[in-house]
Amino acid sequence: MAVVERVERLEEIWLERPGVLGWLTTVDHKRIGLLYFWTTLVFFAAGGVEALLMRTQLAQSDERLVSPETYDQLMTMHGVTMIFFFIVPITTGAFGNYLVPLMIGARDMAFPRLNALGFWLFLGAGVFIYSSFLVHEAPNAGWFDYVPLSLRQYDRGHNVDFYALGLIFNGIATTIGALNLIVTIFKLRAPGMSWNRMPLFCFALLATALSLIFALPALTADCILLELQRKLGFHFFDVAHGGDPLLWQHLFWIFGHPEVYIIVLPAFGIATSIIPTFARRRMIAFPLVAMAELLVAFIGFGVWAHHMFSTGISTATLVFFAAASMMVVVPSTIQIYAWVLTVNLGTPVFRAPLMFIGGFITFFVLGGLSGIMFAAIPFDQATTDTYFVVAHFHFVIFGAAVFPLLGGIYYWFPKVTGRMYHEGLAQLSFWLTFAGTALTFFPMHIVGLLGMTRRVYTYDHGLGWDAYNLVETIGGYVLAAGLLAIALNIAWSARRGPYAGRDPFHGGTLEWTIPSPPPHYNFAVVPTVRSASPNWDEEARQEDLERLERDELVLAGGHETPTTTVNDAELSQIAEMPPESPWPIALAVSVTIAFALLLTSHYASAGGFLALALLMLAGWHAAEPEEA
Amino acid sequence: MTRAALLAPPLVLALAGCGGNQNSLDPGGHGERSIAHLFWVMLGVSLVGFGFIVTLLFLGWVRRDRPYLPGGRGERTATQLVLLLGVALPIVLLVALFVWSDLFVLSSTAAPKRPTALTVRVIGHEWWWEVRYRGSSAVTANEIHIPVRTKVTAIVTTADVIHSFWIPELNRKTDMIPGRANRLVLEADRPGVYRGQCAEFCGLQHAHMSVEVIAEPKPRFDAWLARTAEPAPGGSPVFAKNCSGCHQVRGTEARANVGPDLTHFASRRTIAALTLPNTPPNLRTWLRDPQHVKPGNRMPNLHLSNGEWRALERYVESLR
């Protein structure tokens, strides 16, 4: 069999059904990644509109654009959307799904159908929680949803039920995705990709996925306790019956603080992908940075009570958590200096992706420094729950997590679409988002210190806050214009951009060794890996071509990908991958209906639909792939 | 602030010039002064750090054609710099910050260990503050009178959801949590009005849950406390019929505690937790349409005849 025939055979084996039906039943990690990408962008737009409505309301004192009830719903849904339905799914779901197999030289994720299920459940959870707006009962007790405010006594509608059930539901989807990432990174790395040769992006996503697995159960448990109390009259948070409202806060932040690192770690990973490419040299201090990424995720579990410094918990507890919160700074400073010095040691080309990373570093240092201030307990106790905190975490979440993401969108755009984005418009969009972010969030530090508290739907004239708030609102619109410019660039370039070719930026990682857009089977031959930058390794690429000729590890005999040992990535066996399937989406629909019935307290019918979902699992496994 | 000051009692008029804001960097007492000091030092060090990294980034752009560090060093030096600037230096600075802020400054903002001369209980409600004085029958709402230059212990609790008590110019904040009584020192160096606001999201009118601390010379405070402890001279039929389900006027049969104690309402500076200055026209607006002024608050719109409105307004304005 000649090389061409072998590649054609691969094409045939990995090709999926055409049309919409193909997208609904797909198990291809690239298609699932794109589904995540477009879905999360819709949620990002929704969260952005919510933010702009709030900013417009706050543009001047005593404004009455939205009612207090509407404001509380916007505020809650803005937080819930951006965290649970934008950042986490776009980083792990879209970027992780699309890029991890390409970077480690695999043909798909370890569990392709589970991958599809994860996406459809995520979409179901998003539709579920957003349907609350249709009945005017969107979650309204804040994304942190503190009891007793969120108990039935104070919040009688379905608002909080949408929140709690929606997050339990979304948690299932996220857990599935995280498990899949962990197994994929452990078992599907190309032969030769030992840990010290794995891209730092994959280290970051591994740390993120591990954090998710350990952090989410606390949130899920918390929401289950809340629903048991709201719907069935339990007393977990009820002082009169021996409960404690602080139980909610502890469980919430045991999840909530690692979540901060879950949000920023993939962004760090994107930064460590973009910087070496544009600085045109490998990252310095690779092992330090890899360790720092894992360390951040680990220490992140020991700092949760710094969200509770003003609750009156004992001084010894405060001091312990303050010390831990200071420790978590060190892995971040390691990474910051590694990035900046890599740029200095290289001969950098300042194109849009690297510019976004520059913006990221600037804002991350800003948000990090104000973050250190919060580890000083007395200062935290003065400024917590003010706009100073809002400024701080928006510089961390928007500046440090979304900026690399935007840079990443430009960076991998030619890989995904095969076309080049418009550089001029991209740089304009950078300056707009950069200026918009600074204008929107920087004055919040000042109004916070001037005493403006968070989560207020309006404020009094005469406290010296008006001018700052107006600037913030204007900044919000500038930021929106910048994001719109990115959307335009994507939409236009995807159709009209010039062809980009296989490797327009001369990146170091494996995804640049294959055509753009990547073929269904990703790699025509399982790639050889002998360094941390395999695309810069001419010899290894030459060896790939030779192996393709020799038909060694081409695996054109079936729907297959090789698995390797966990540490040294030695070839262990060839795994049969399942074909496309309608079961994941059917199962997700059934689970979504079950959650809707739980919301309306139809427990028996909800149980029925969950049972149906289990039956579908049986069907899913009955239809094992035939021998090829 | 000026609107309130114009119509407030003469004493407060004299004080309004030096207070009324809620600027945490304009400390009016010992606790907040040490916090503000901590902030300025942290800001200074942060600016140096921020400037340093931004300069490095900028150098990366300026020297983009030179693949070595300023000074001509290579990768080995860069890795050493990561260890020095990214590990050693932060550890030194963080240890210093930890020792200073979390061991020393913390003690200056902590709750008093020994009982102070005066203890005030502040109870958070959706969306107003109940204020009681230990050893006195005085009850008021949304304003806390304290003697100046005196340590006052505030014991804060809640009647419903979690609130957070914060007077930015005097001290840190502390949450009001069901089942807990948190403590805090209030101490003002100079007479004045110190504004504060609920800092923990507590529902629809979280934005309109403000409070004032009014620091007065000791004799004035004592006189105020004695006056406030007294019951009202008498009741009113229209109040008894429409308002006594929620409010208390001591000395009459109105004894409920859903809304604020109104025994000395007319001597207070504001209506509805600083939503409006307490003036006769504002009182009229508030009474006739509380749901427009502060949507979602617990006070219903009443449907009274014109005569009843006038009688009610006259009575409430007489509660000095």
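How many nonpolar, polar and charged residues are there, by class, in the lining of the largest cavity? In this predicted model, that lining comprises nine nonpolar and eight polar residues, with no charged residues. The briefing below takes the largest cavity, in which about 130 Å³ of space lies, and then the second largest pocket, which holds about 650 Å³ of space.

**Largest cavity**

- The count of cavities of 30 Å³ or more comes to four, and the space in the largest of these is about 130 Å³.
- Its lining is made up of 17 residues, of which A:Y36, A:T92, A:G93, A:T174 and A:G177 are the closest to the centre of the cavity.
- Two or more lining residues come from each of helix 4 (68-104), helix 5 (112-130) and helix 6 (159-187) of chain A, and helix 6 of chain A, with seven residues, gives the most.

**Second largest pocket**

- About 650 Å³ of space lies in the second largest pocket, which is lined by 37 residues, with B:H247, B:G259, B:P260, B:W286 and B:M299 the closest to its centre.
- In chain B, helix 6 (237-242), strand 11 (270-271), helix 7 (280-288) and helix 9 (306-318) are the elements that each give two or more residues to this lining, and helix 7 of chain B gives the most, with three residues.
- By class, the lining of the second largest pocket divides into 23 nonpolar, nine polar and five charged residues.
- The second largest pocket lies between domain 2 (118-229) and domain 3 (237-318) of chain B, because both domains give residues to its lining.

Note on methods:
Residues numbered from 1 in each chain as written. Chains lettered and ligands numbered in written order. Predicted model: local features only at pLDDT ≥ 70, side-chain atom pairs only at ≥ 80, totals over all residues. Heavy atoms only, no water. 1 Å grid on protein atoms, 1.4 Å probe; cavity = no way out; pocket = protein on both sides within 12 Å on 5 of 7 lines; lining within 4 Å. Points joined across faces, edges and corners; volume = space filled by probe spheres on them. Helix = DSSP H or I, 4+ residues; strand = E, 2+ residues; numbered from the N terminus. Nonpolar A, V, L, I, M, F, W, Y, C, P; charged D, E, K, R; others polar. Domains from an automatic or database assignment.
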